[in-house]
Amino acid sequence: MAVPTLELQDRAIAKIITWLRESHDRYEPMSYCKAVYSLMLRHGRAWYIGERTFAGRRARSKQCYMNSYTLADEKPGMIYVEGWCWIEYLFEFEHAWCIDTNGQVIDPTLREADGYYGIPFRWEYVRATASSTKEYGIISHANSDLLTAPAETFIHDIARS
């Protein structure tokens, strides 16, 4: 797949953010979903597709959390990210991917996408959460402490640079 233009990626990311805001506003104040959308709007950021994003063999489809966990665990320098992805003909969906140390998306699962918006996680936090919940994925699991933990305990330093 050709790399989408920055203009196309920015439009896709704007659609994700608009969807997150609208979804946030639909939920009751104390609901888990509203808290997740609030967290994402507060700490999420845009990530961009590059030449390496979809390079190489794809891992198991519909297993993005496991695939991204495995990639981050096996490849030094990969940073685990969860958030939302946009594909024009599918709309937005929850997703996990990795970024390299330059912030470029490395997606072990998808063959194409138009935009990514998410939170980069500290590897220690990802590993501890997977160990305690016995599941891959952080944001969609209400049994993690994500919504009560201080941001500096889970956000990777790349988000602050």
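Trainee: Which residues line the largest cavity?
Mentor: The lining of the largest cavity is Y65, Y69, Y80, V126, T129, A130, E135, Y136, G137 and I138. A cavity here is a set of points on a 1 Å grid over the protein atoms alone where a 1.4 Å probe fits but cannot get out, and lining residues have an atom within 4 Å of a point. Keep in mind that this is a predicted model, where local features need pLDDT of at least 70, side-chain atom pairs count only at pLDDT 80 or more, and totals for chains, interfaces and linings use all residues. Residues are numbered from 1 along each chain as its sequence is written, and side-chain values use heavy atoms, with hydrogens and water left out.
Trainee: Which element gives the most to that lining?
Mentor: α4, with three residues. Helices are DSSP runs of H or I with at least four residues, strands are E runs of at least two, and both are numbered from the N terminus.
Trainee: How much space lies in there?
Mentor: About 40 Å³, taken as the space filled by probe spheres set on the points, which are joined across faces, edges and corners.
Trainee: Switching to the strands, how do β2 and β3 run?
Mentor: Antiparallel, with nine bridges joining them; strands pair if DSSP finds at least two bridges. W84 stands opposite E94 in β3.
Trainee: And what joins β2 to β3 in the chain?
Mentor: A hairpin, through three residues.
Trainee: Where's the positive phi in the hairpin of β3 and β4?
Mentor: At G103, near 85°.

Key:
On a 1 Å grid over the protein atoms alone, a cavity is a set of points where a 1.4 Å probe fits but cannot get out, and a pocket is an open set with protein on both sides within 12 Å along at least five of seven lines; lining residues have an atom within 4 Å of a point.
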